[in-house]
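Me: Please take a close look at one part of this chain for me. I would like to know how far the model can be read there, and then what the rest looks like.

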Amino acid sequence: MNTIRKAALYSAALTVLAVSAHSLAAQAAAPAPAPATKAPAAAPENPFAPTPAPPLPAGMTGSDTSDPRYTLKPGLYDAGEAAMGIKHLALLKKPDAFQINASTPDDPRVQKTLTQLGMPPGMKMPPAMQMVIAQLAFANSDFAFQGNHLFQGNFYGINIYDISNPAKTSLLTSLICPGGQGDVSVYGKLLFMSVEMPNGRLDCSAEGFAPPPAPKPGTPPSRTPPADPARFRGVRIFDISDIKNPKQVAAVQTCRGSHTHTLVLDPNDKDNVYVYVSGTSFVRPAEELAGCSGDAPDKDPNTALFRIEVIKVPLAHPDQAKVVSSPRVFIDPRTGALNGLNNGGAEHGDAKAKSEDTNQCHDITVYSAIGLAAGACSGNGILLDIKDPVNPKRVDAVNDPNYSYWHSASFSNDGSKVVFTDEWGGGLGARCRPNDPSKWGADAIFNLKDNKLSLQSYYKLPAAQGDTENCVAHNGSLIPIPGRDIEVQAWYQGGISIMDFTDPAKPFEIAYFDRGPIDPKMLVLGGDWSAYWYNGNIYGSEISRGLDIFELTPTKFLSQNEIDAAKAVKVAELNVQNQQKIMWPNKLVVAKAYVDQLTRSKALPETDLTAISDSIQQAEKSKLNKKSAAKLKTLADRLDSSSASVSDPADSKRVAALSAILKAPTA
Amino acid sequence: MRVRMPEIPCKPAFALAVFALAAATGLRAQSGPPVIVEPGAPGQPSKTLPADTRPSVPPASQADVEFMQGMIMHHSQAVEMTALIASHTSNPALTSLGAKISSSQSDEIRFMQRWLVARGQPTDMSMPGMPEMDMDGNPMKPMPGMLSPAQMQALRAARGPQFDSLFLTGMIQHHNGALIMVHDLFNTAGAGQDADLFNFATDADNTQRAEINIMQKMLDKNSSVKISSEKSSLKTTSEDTQ
């Protein structure tokens with residue numbers, strides 16, 4: 001870090017501020033006691049310095065400051081790291097085409113980019129500052145997976161990687177197509193992408209839309225009609241038959257664009273796939289897209305607020321994809337009011353006052369195997385019956401005084417639990433500081449029974465993070481460890497945390513990986529957007545740094561057999577928000593995972609479990625010959641008869657599953 | 001990289017060889033250098049770009065800069081209004097609402113200052129040292145929804161329920177102005193394409209809409225507090241200034 005340059009920039013910034021003498025601005029900016037900056041006491045506040053966290057509200061607790069993750073060395077590519085139960089295999093930096101990649105600000109390419117960004121020529125800027133400028137425009141976002149291909153979304157396009165050897169992952173294709181956030185899904189030869197920003201174009205060029213000519217001095221800028229048929233906000237569909245030459249086949253426009261989307265498969269319809277669109281942005285004018293209205297529902301019953309959109313994609317003709325319904329998922333079924341839900345009046349930092357209507361979903365996770373979807377919809381968590389995917393019907397809704405913004409959801413594999421996340425602060429703020437309450441910006445774990453959600457507990461990253469690290473609950477996926485509910489989850493610059501929520505009332509951390517902040521003095525946007533398990537590895541989408549690849553390592557919380565059992569599950573495609581039921585093969589390694597779990601919980605006598613372990617070992621050695629198979633069968637029968645003595649429900653399920661494998665193991 | 005198929009009559013053995021070659025080339029293509037592709041509009045072919053392609057972003061728009069400068073001025077008045085609450089009313093609901101508005105608008109002011117400073121732009125639209133003048137030497141125009149000096153004076157003079165009512169109607173007027181500013185921004189050609197600014201403006205729009213809703217409900221609830229419209233002097237800024 002070049003502190004001299006940085007200081008120069010700060011003083012330039014302070015000079016700019018010092019000459020800003022507007023009385024109101026001066027009053028407003030008059031800060032709370034300035035944090036420890038080296039500026040003279042009388043100088044105006046440095047806008048880049050982080051603000052200290054307010055004191056903990058009464059009755060709340062914060063995160064652990066004695067955790068090694070709290071004090072890691074800062075740095076972009078040389079930050080300190082801490083890990084437990086996770087081994088980092090590789091980091092692939094963002095491709096040059098997706099970042100202002102420079103070691104020196106004098107690089108002419110940098111100067112060119114900065115000029116395009118509106119920076120005055122010759123302005124000296126430290127590398128960290130370049131990252132600030134480029135923060136969101138080139139941010140990495142969500143993942144999708146198919147076979148040996150990983151698709152990493154970015155506000156500027158999509159990068160496609162070959163992960164056939166995860167430790168030696170290589171870039172195949174950079175697809176340039178700006179418009180943010182670049183949420184991705186993949187199905188067969190089709191790749192889907194979300195676009196919401198005004199610079200999105202029907203073609204994928206990066207030029208955006210030209211600003212109007214500068215007005216003559218003394219005249220106000222002209223407001224030319226912005227409606228532009230070349231603008232695109234919605235869901236793009238690419239044909240990826242040739243992975244090195246994707247082609248756009250359709251671009252389905254929506255009024256609010258697509259912040260996220262969810263692939264939905266109808267088990268009874270093999271000819272089409274569906275896409276649920278969650279739009280959170282402004283409604284564009286009707287002149288640009290016919291029928292769009294951002295009015296309140298009492299003024300315009302056709303308002304584009306208070307709804308989601310459903311796109312139908314005919315697989316034989318993806319070019320004919322179109323919006324086929326706009327479900328009013330917040331409707332009050334008794335009165336018919338479109339704004340039938342609200343957040344219940346959070347008592348919470350950013351939303352302290354009274355109730356507020358919910359008019360948007362942020363993300364929806366569908367679980368077609370149980371016919372349900374969990375919608376994380378700003379002020380509410382909702383449950384949708386999606387047996388008819390075109391017409392989802394709300395069957396339950398919850399709110400929570402500790403929740404600021406319902407952001408995403410995952411089901412447990414058996415569908416008996418839902419984990420919601422709260423993106424307090426929008427992901428741009430430091431919300432894991434020691435004084436930030438553990439119930440705010442956390443996961444909330446709900447039981448799900450008879451289409452009713454009931455809150456059991458909260459889980460937040462246990463380690464405190466610094467005030468220059470954006471940190472809050474974000475995207476995660478299940479890890480297919482049999483016999484347990486385990487989720488790997490991204491916490492932005494809080495890193496990756498793996499949580500066991502088998503007992504929904506007592507979630508706990510079993511593994512983690514974290515880096516120090518990108519910068520110690522100012523918040524530079526970064527960290528993990530998503531952390532997902534796919535066919536044996538964990539992949540992290542690091543907003544600024546690139547693509548991280550990890551593997552699990554055994555600890556007292558997780559055995560090698562459990563890891564191997566998770567690796568025994570292979571899927572052909574993974575779109576995390578289109579949740580698929582995990583099926584474990586009847587392999588002996590899966591049986592060994594159950595034995596380890598029953599040993600850990602002491603649910604069965606140690607001698608019984610040792611006998612099973614020994615017999616499994618013999619069966620493996622003998623390649624499952626008749627004699628060893630018969631022995632396993634005998635042990636399974638004995639397990640069945642002793643299962644009544646097992647009281648814990650999770651252990652009972654493990655015993656039953658273990659017995660089933662021992663009766664009919666496969667190699 | 002592609003292999004051109006030679007036009008030779010296809011004998012089985014040769015066809016096999018061609019297949020093998022194609023397969024081998026396919027593998028090589030997979031592990032070869034990455035490509036940079038820019039798709040065209042739906043149905044149009046994609047372009048392959050050179051390997052040294054670097055990112056380009058839409059040029060910054062003057063409307064973006066003015067939006068941020070104007071919104072700082074606009075937010076500052078909200079902070080100034082909330083600063084009156086402690087000494088002017090004891091209404092707990094209003095106190096709580098005011099604390100929230102003050103903290104979120106102060107946070108946002110800092111964000112906008114950062115955005116502008118990072119782009120080498122002044123954080124203020126006024127002429128340096130001349131707060132009443134814009135950069136062209138003309139009198140500063142207030143942002144939409146801002147309370148006029150007379151309205152601010154009325155607010156400062158009021159106490160208790162009368163203050164509550166003036167504050168709520170004033171802040172609703174003020175917030176509605178912010179919605180107009182966001183609306184104008186996204187309706188200006190070339191504006192709102194910066195990712196940071198887009199996220200900020202979208203979020204500010206959502207937040208202020210929600211707060212207007214809350215304040216409207218508080219006003220409706222406070223039906224016991226009635227201030228005649230003649231006395232309130234809360235007309236829109238544009239009417240006042242014209």
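Reply: Start with residues 1-43 of chain A, where pLDDT stays under 50. The model is a predicted one, and for this stretch it has 67 contacts beyond four places in sequence. Those contacts call for caution, because where pLDDT is low, the predicted coordinates should not be read in detail.

The average pLDDT of chain A is 87, and 84% of its residues score at least 70. Chain A has 667 residues, of which 55% count as buried. It contains 9 helices and 30 strands. Take the contacts in chain A between residues at least 6 apart in sequence: 60% of them join residues at least 24 apart.

One group of strands can be followed piece by piece. In chain A, β15, β16, β17 and β18 form an open sheet of 4 strands, in the order β15-β16-β17-β18, and the pairing is antiparallel. At the edges lie β15 (363-367) and β18 (393-398) of chain A, each of which pairs on one side only. From one strand to the next, the twist averages 20°. The partner of β18(A) is β17 of chain A, residues 380-385, and these two strands pair in the antiparallel sense over 5 bridges. Within the pairing, A:D385 stands opposite A:K393 of β18(A).

Conventions: Residues are numbered from 1 along each chain as its sequence is written. Chains are lettered from A and ligands numbered from 1 in the order in which they are written. This is a predicted model: local features need pLDDT of at least 70, side-chain atom pairs count only at pLDDT 80 or more; totals for chains, interfaces and linings use all residues. pLDDT is the predictor's confidence in each residue, from 0 to 100. Two residues are in contact if their C-beta atoms, placed from the backbone, lie within 7 Å. A residue is buried if 20 or more other C-beta atoms lie within 10 Å of its own, exposed if 12 or fewer, and partly exposed in between; C-beta atoms are placed from the backbone. Two strands pair if DSSP finds at least two bridges between them. Axes are lines fitted to C-alpha atoms, for helices over the stretch in contact, and angles run from 0 to 180 degrees between N-to-C directions.
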